[in-house]
Every structure is written in structure tokens, then in C-alpha cells.
Amino acid sequence: MASDNDAIHERLIEDLRGRLQHTIKVEDVLPHLHFIEPARQEQISQKLNTDGPASAANLLISVVVEKPHTEGWFRAFVDALHHGGSEFAADYLELNSPDADVEAENDCCVRLIQLLAPSLMNMKTDQVCNHCYSRKLLTDVENEKILAETRNHGNGSGARVLLSRIVRCRPGWFSEFLEILRITEHHHLYELTGGSPESEKLKNQAAAEEKVQAESGQSEKSMEITVTEGPEEDSTGLYASPDLSKSMEDIKPEMRDSPPAGTTRGGPENTEIVLRDYQMEVARPALEGENIIICLPTGSGKTRVAVYITQKHLDRRRAEGKPGKVVVLVNKIPLVEQHFATEFSPHLKPTYKVERVSGDSQLKISFTKIVERNDIIICTAQILENYLERANSGEDEGVKLSDLTLIVIDECHHTQKGGVYNHIMMRYLKQKHKNLKLKKEQKETVQLPQILGLTASPGVGGANTLNKAEEHILRICANLDASKIMTRSIGKDKKEQRKSILTVEPRREDPFGCVIKTIMHDIHAHAQLSPTCELGSQNYEQWAVQEERQAAKKGDQTVRVCAEHLRRYNEGLILSNTIRMCDALSFLNKFHGEQMKKKTAPDEELNIQITPTERFLFKLFQDNKEELEKLAQDPSYENDSLSKLRTKILHEFSSRKEARGIIFTKTRHSAISLSQWIQENPKFADIGVKPSHVIGGGDQSDTKPMTAAEQKDVLKKFKSGELNLLIATTVAEEGLDIPDCNFVIRYGHVTNEIAMIQSQGRGRAEDSTYTVVDVKNSGVAEKECVNEYREEMMNKAIQKIKARNQPEYNKQITEYQIQAIMEERVRLVKQKKKAVKIESPSAVTFSCRNCNQDVCSGEDIQMIENMHSVNVSPQFSELFTQRENIALQERRLDYETNGVIACKACGQNWGSMMMYRGIELPCLHVKNFVVNINGKKNSNYNKWSELPVKFPAFDYINHASLMVLSLDDEETE
């Protein structure tokens, strides 16, 4: 008989599972279910924390109906529901469910609360909670929980919990709740939920939804009313709206730039952004028109806050009948498209016109018009600086600061000496202090834009003391004219990231490294060099670079070529300590192949000089190449760092249901090699590792850069899950839109505390890990400890700054601003004095860096767009050979490059050929030459702008005319 009753009760519970799942208050009921074992109760609690109340209730129901049953289990379950404040759920099990009309009305009320949830976040939660408790809508436990949540996290968080509880009460709760809103003087909310035509419209909408769902046989399905996506189990059921079942219940702020960290509601033409409490807290001074810095951890929604502030700023100016113009500045080209496509455009169009411009965009040539025609412009900072300078110099109308009403500066910790952000802000500060003078003289001042800075970490600028750290941050505040630095610790509710440092054991044997060191010692003897630093270290690389420069300056070709080869062998040693020996050998093979190619002329009649030293170096590598290849194939000699990395990756992917991670490494070459290593290792493929690399787009490295489109494609695949492991250089540390990761590894590369904080911020998923893997001679373990200390010092410094009274803070900021302006004036005076010493192009000569052959005079050099230095002498073509190089091919609006030019005598690269408006010109790279100015040689120049010489602009008309005449002469002949 007992078993028959059990079967009836099981069937009853299963039939009502959909209702019970969304009416049981799991947290309050669970302590009263004494017949469930503690281990199972813990599972349910974990489910509640990770997947939300609906999933937890579903699991609880499954555990309750599991066989075998203890005697009286059903009655005990019903009693637990009563004692845990889930009387409505108990009514269903006791067959006291409400009439169909009452149930439908209650469902409609729940739906209405879901629709109005964003507005209800603004209620005075503590007052409403007390009244709900006195009217027995809340239990003692619920009352205490809501009040605690309100105290700790603000009204919005408390309101989420409160609403999630009252909608699970017995029918009749809604009228009680309306009365509470009335007596607590929430008149607007009262009218919205119960007494206005708008509320009737919403009620009708909710009722219509219920009717449609009922007619389609899906009465237990709910419409999602925000763009939040919860776990699959929570996607069904009337109470499963993300606003209630997830956002209201799971009130722990999720640290990500996703809708929960600033949701939107309304259609595409009426987008309203709803910020979390901590986001609204840091935004408040900016909403009141103040200049501020917002300092929030990576992934906590800084950009969403900036979008909200932008929207309110433009709304306010539009309401006042004033024009509004917002410029969003970024320091990396990919961020322009990212901010446009994922944040500003979706939320602010079509109410406002949004456009983006970067160095890769043809729109930059009409930037002035773009600013005029749009409300919000997202661009790289250098473009704005260029057009501010145009306006200042009178070159054309350009753009003025007074044209703008708000400037948002992303990654604003870069607003320091020498940076483009600081150049822009220096213009601002100068005008601000001029305005003070104009105001005293009762003259009209120049309107300046509001400033909003965004950063995850201002850093400490290398400070060793708290006072110096405080000064560093205050100077950034001064540079940005910030009246406040706004922070909020949102990590209290988030599990602490597990951090570890993996030290490595030195190789017992390193025959591969020994062969390379033997080669290097032979080169030392040949060139009579005596380095004092350890081979395979950064210090040795610096020594080799310095020796190469000195030798080039002296014209000592033997030492120069040897120093260049030594630097490559040293890099090979570093690579063998970081990645596989075969990758190091591949790197050396590629270098020697390129050197041999330089000595191979495209024209067989041409004889390129090979010096005895070059023959010695080529033979030395060839003599040892076979042994290096043999050793590179022996895995027993691999470095311990790679072994530690392999173990760590395998552990992360085998111990997690869905692993997603980033490995940060130092060089582009190591990022590509690590990606290849993982792809070629079947052990990784067996556990589902899908890797790819992300590297920078600049041309400072010998390794081919990644284009913005290539970066975007990889990140898109990573976001979709097609890839789950990124191997990245520092390009991925800040700014780029990378989804939450549950593990981050820094592999043999640690820089400063800012990079540490930003890379840690990439691992913001629940239960994430952050690991530093040591590499020989890298010193990363020690650097990481220093960075941890500096991070702590930075946080203390920020708190000290926030604790200052405003007059004291303002005085210090003004002092630093005046100091910065005076330093800028001194710099400009020095620059003017230096300008007097600018040499004539006729005083400059250039010689080949490798063979010392005289190449040309400064009179042969002209500048295209102040960037490209071209040799216009017709005789120059007799001195170089031209080779195709696909990696150098580039097409821009007015020019394209295709192939390299090299010295006919020795094969040294000199630059590239460029096609400019139909004219082919040799474009020289100054780093490939020794520059002689009035008899003084210099081999350290890396950019043409470093030379104290003013070269004339390229005369296109004159050059084109000469070409036409030359062609006419050829035709006449």
C-alpha cells in the first residue's frame, strides 16, 4: 500500500514539476528537508549558486522523488515547503491549487513584474522589505537576507532578491505589493504597476502573452524579456525570466561586459541601458558633468558605463537645445571596430549618428566632415591629434576641442609623458588655464569638453614607495583633469582566482644549447669580442645590439656582421629555453637562408660581394647544422618549462567541462611556435584543445604581423567556441573583446603590474586560475612577486587619494597641471633651440650599414606625406637590386609597396619599392644606413623623424613631368 501511495505522490510531483520548479524557494526549504543526505543537499546548494534557483529546484525535485523513499517522505516534503516559506508550492501538492481564473491572474501579475523589473530596481528596498515582512509576504530568513543584500550591494541588488521572493507567494501578493508601494511613497512605481493607462497596457500585453502561450500548449514557457542568456534548464517556466530567476536571484555581479552588467530594454529604436548598482555608482559624477576616471576591473562593464554616460550626455544637451559631440579615443586600431560594433552602435543608433575612423579607414581623409556630420565618433587618438594640430597650425579647419562636448579616453592610464593621449590633454590643460585668465579679465572663454577616462589599472609607474605610487596616480588624474577617480570593489561576491607560480628545474643536459654556445664562442674568437654577460640572456642581446651599432659607425664590417649573427644565435638559445629545440633551429635556418639569399643576385651577371667573415659564418652554421638537427629530434633534452606548460594545459582541459584559456608569451615567434606545437601534439587534440595565436599588427618585428581582419577572425572563432585556447602576445592584455576565460597562463613573460592585472582580468569566469610558468633566465617568478606588491601599493594609493578632502585634492591637481604645462613649455623652447640647429640636407650623407659604400646625399631625399622618405635621384637605381617580397606587399589609398631593394655590392636591405600615384620610387629605411652629418657618423637612427634635418616634400608634378619627358625621348629614339 505504501508503495502505491509513493507511486501516486511521485506522479503528482512529476506532473507539477513545471509549477514547483518556479515556486519553491530552494535556499529556505533545503534546511528543512532532513531526509535528504548532507552530500546531496550540498549538490543542490552548489547548483543554486552556479545555475540559479530554477535549476536548483529541478534538482531538488529529482532528489525528492528518488527511490528508495523513507517512511513519510511526501508529508515531510510538504511540511518543509510550509516551513521554508513556499506555501504556494505546498498548496499544489495538497491539491489546494487556485482556480484557473485566479491562477491566470497571478501568472499575469508575475509577468507584469518581469516587464517592469528594471524600473522597480530603483525602489527604496529597505522600506518596501519591512512592509512586505510585516504583511507576511516574506519570512524571517528572507527579510534578513534582503536587508543584508541592500546594505552590502545597494538598493538594486536588494530589490532583485525581494522581487524574486514575492512572486513565489500565494495569489494575492500583488495587491499587497501595490499597497506597499503606495504607502512608501513610490508614486511613480505605484502608478506604473497598478493605476495608470501604461500599466493597463502592460497588463494587457502580459495577458496576451499568456493567452498565446496557453493556446500553443506552452503555458510553462516564458518569453525572455532581456538579452541575458541563462543556463538551459532555466530557460523554461513562467518564473524563469532572466530578470527574476537569474538577475534577481543570482545577485552576485558577474564581471563581464555583457547585458547583465548593464542590460538594455526596448526595441532597436528605443534602447535603454540599465546599469548595475556599482556601475551607476561610479558613473554618477560624470552624469552630473564632472571630469572623472572610472577604474574598474577588466570585464566589469566600463565600456557599457561609457555608452550610458554618452547617451545621457547627448540626451541632456538635446533637451537643452544645445549641440552634443562625443569622441571616443582608443589606442589600438582593432578597438575602433570593436567599440563601434559591440557597444556604441547597437545601443545608440539610430537615435544618434555613430561613426568610426582609424588609420586603416579611408574616412580619415575627411575626418573634419565626419566630426561635423555625426554625434559620436570612435577613432584612434592619433587621428584626433593630427586634426587638432591642423586647426592649431592653420593648415586647414581641422578639429578644435571646442567642437567637442565629451571625450571618452579608453585605457587612460596611457595619458603620460610622450603619449598621444597626453598631447591631446596638454592642449586641453593649456586652454583650461587660459580660460581662468580670460575669466579674470571678464573675457569670453573657450568651451572645453567633459573628459571621461576608463582604465582597469592606473599602475604605479615603477614606484617603490606608497607616496611615489600616489604621486603617479595623481599625475594621471591631473593630466586628465579628473575631479575624482571612481572605483568599486566588485570582487567580494566572486570566488578568488586561484594563482600559482610554476618554477622550473634546470636541464640536466643541454647538448643543443652547448652546440649553439660553441658556435658563439668561435664567433667571439674570430671577431676578437669578449662579452661579460651570460649567453642566452637579455643582457647579452643588448650587448650584441650595441656592438653592431658601434661597428657600423666605425665601418668595421667584420665585427658588425658577427654581432648580428651573435644576436640571432642568442635568440635561438632563448627560444630553446622557451619552446621546442626544433623551433629554435627553424628560426636559425630561416635567418641563414635570408642571409644567403642576400648574396644571391636576381641578375646572374651581377656579382654580390661575400666577405671572408661572411664565408666563415655560413660555413660555421653548415658544419654544425646536422648535429643540431639530430639533437632537436630528441625529446629527452626538451626544456622543463615546456613540460610544465604541457601538464598545465592537459590538467585544465581534462578537469573542466568547458575549458577556455589564454597563454601570454613574449614574442610573436614564440606565440606562433607554441600554437603549432599544440596543434601537432595528438594528446591535446584528444581532449578537445583547439588553439590559435593572436599577435600584434605593427611592423617592429621580423615576424609577419597580423592584420586587424585576421585578429578579428580569430577572436570571433574564440568567442563562438570554434577555438578554445589563444596563445597571445601583449596585444590581448588590454582592450580587445575577449570572452571570459577560466584559465590564464603567463609563459615566461611578465612585465608590469598593469599587464598583470589586465591579464588576470581575462580569467574572469567562475573558478578561474592564473598561472605563471618560469623560463630559464626570464626572472618571471621574481617579477610577478614585485608586481603583486605594486598592485597592493596601487590599491592603497587609490584609497588614500579618495580619502583626501576635495579642496586639498584640487590644489594638488592644479599644482601638477601647472608643472606639466611649464615642463611642456621648456620642452618646446628646447625644441625651438634645436630647430635652429637643423641641418641642410646637403650636409647629410648616407652609407650602407653593411659594406660602408656611399649611397646618397640628403639632397636626393624627399618626403611623401611626412612619412615616406624616397630617393629621387635617377642615378640611384644603379646602386640597388630589387627582389619581390610578398610579406612587404601593402596597398593604401595613394600608394602601394611591393618588394625590397638591397645593396648591389653586399645584399644589405635598404628599404622597399613603392608605387605612389603611378610613379615607382625607392623608399629608404634609415635604420639600414650609417648617417653622416657634417662628418659625424651615427648608426642609431631608427626613424627619419629622429634626424635633425628638414627634407623637402616630394614634388609630384616636377617628378611626373621629368618622367613624361624621359618617355618622350625614348619614343623619339
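Student: Which hand does the crossing of α24 and α25 have?

Tutor: In this predicted model, the crossing of α24 and α25 is left-handed.

Student: What makes α24 roughly antiparallel to α25?

Tutor: Helix α24 (residues 538-554) and helix α25 (residues 557-578) pack at an angle of about 165 degrees, and their axes are 8 Å apart. Angles over 145 degrees count as roughly antiparallel, and α24 is therefore described as roughly antiparallel to α25.

Student: Which residues make the contact of α24 with α25?

Tutor: From α24 come Gln538, Tyr540, Glu541, Trp543, Ala544, Val545, Glu547, Glu548, Ala551 and Ala552. From α25 come Val559, Arg560, Ala563, Leu566, Arg567, Asn570 and Ile574. Sorted by class, the contact of α24 with α25 holds 10 nonpolar, 2 polar and 5 charged residues.

Student: Why is α26 called roughly antiparallel to α27?

Tutor: The axes of helix α26 (residues 581-598) and helix α27 (residues 612-632) come within 11 Å and cross at roughly 155 degrees. The cut-off for roughly antiparallel is an angle over 145 degrees, so α26 is roughly antiparallel to α27. The crossing by which α26 passes α27 is left-handed.

Student: Which residues form that contact, and how many of each class are there?

Tutor: Helix α26 contributes Met581, Cys582, Leu585, Leu588, Asn589, His592, Gln595 and Met596. Helix α27 contributes Leu617, Phe618, Phe621, Lys625, Leu628, Glu629, Leu631 and Ala632. By class, the contact of α26 with α27 has 11 nonpolar, 3 polar and 2 charged residues.

Student: How do you know that the span of α29 agrees with its number of residues?

Tutor: Helix α29 (residues 668-680) has 13 residues, and at 1.5 Å a residue it should span 18 Å. The expected span is 1.5 Å times one less than the number of residues. The end C-alpha atoms of α29 are 18 Å apart, so the two values agree.

Student: Which residues of α29 are buried?

Tutor: The buried residues of α29 are Arg668, His669, Ser670, Ala671, Ser673, Leu674, Ser675, Trp677 and Ile678.

Student: Why is Thr487 called buried?

Tutor: Thr487 has a relative accessible area of 14%. A residue under 20% counts as buried, and Thr487 is therefore placed in that class. Thr487 lies in strand β9 (residues 484-487).

Student: Which residues are in contact with Thr487, leaving aside its neighbours within four places in sequence?

Tutor: Those residues are Glu281, Val282, Cys295, Ile798, Gln799 and Lys802.

Student: Why is Gln43 called partly exposed?

Tutor: The relative accessible area of Gln43 is 40%. Partly exposed lies between the cut-offs of under 20% for buried and over 50% for exposed, so Gln43 is partly exposed. Gln43 has its place in helix α4 (residues 38-51). Gln43 and Leu59 are 16 residues apart in sequence and 8.7 Å apart in space, C-alpha to C-alpha.

Student: What makes Gln442 exposed?

Tutor: Gln442 has a relative accessible area of 74%. The class of exposed residues begins over 50%, and Gln442 is therefore exposed. Gln442 is found in the loop between α21 (420-440) and β8 (450-455). Its phi is near 60 degrees, a positive value in a residue other than glycine.

Student: Why does Gln528 count as exposed?

Tutor: Gln528 has 73% relative accessibility. Because exposed means over 50%, Gln528 counts as exposed. Gln528 lies in the loop between α23 (511-527) and α24. Gln528 has a positive phi of about 55 degrees, although it is not a glycine.

Student: What is the omega of the peptide bond from Lys67 to Pro68, and where is Pro68 found?

Tutor: The peptide bond from Lys67 to Pro68 is cis, with omega near -5 degrees. Pro68 is found in the loop between α5 (53-64) and α6 (73-83).

Student: Which kind of peptide bond joins Lys349 and Pro350?

Tutor: Lys349 and Pro350 are joined by a cis peptide bond, with omega about -5 degrees. Pro350 lies in the loop between α18 (333-348) and β5 (354-357).

Methods
Residues numbered from 1 in each chain as written. Predicted model: local features only at pLDDT ≥ 70, side-chain atom pairs only at ≥ 80, totals over all residues. Heavy atoms only, no water. Helix = DSSP H or I, 4+ residues; strand = E, 2+ residues; numbered from the N terminus. Buried < 20%, exposed > 50% of the residue type's maximum accessible area, 1.4 Å probe, protein only. Axes fitted to C-alpha atoms, helices over the stretch in contact; angles between N-to-C directions. Parallel < 35°, antiparallel > 145°, perpendicular 65-115°, else oblique. Left-handed = near helix turned anticlockwise from the far one by under 90°. Contact = heavy atoms within 4.5 Å. Nonpolar A, V, L, I, M, F, W, Y, C, P; charged D, E, K, R; others polar.
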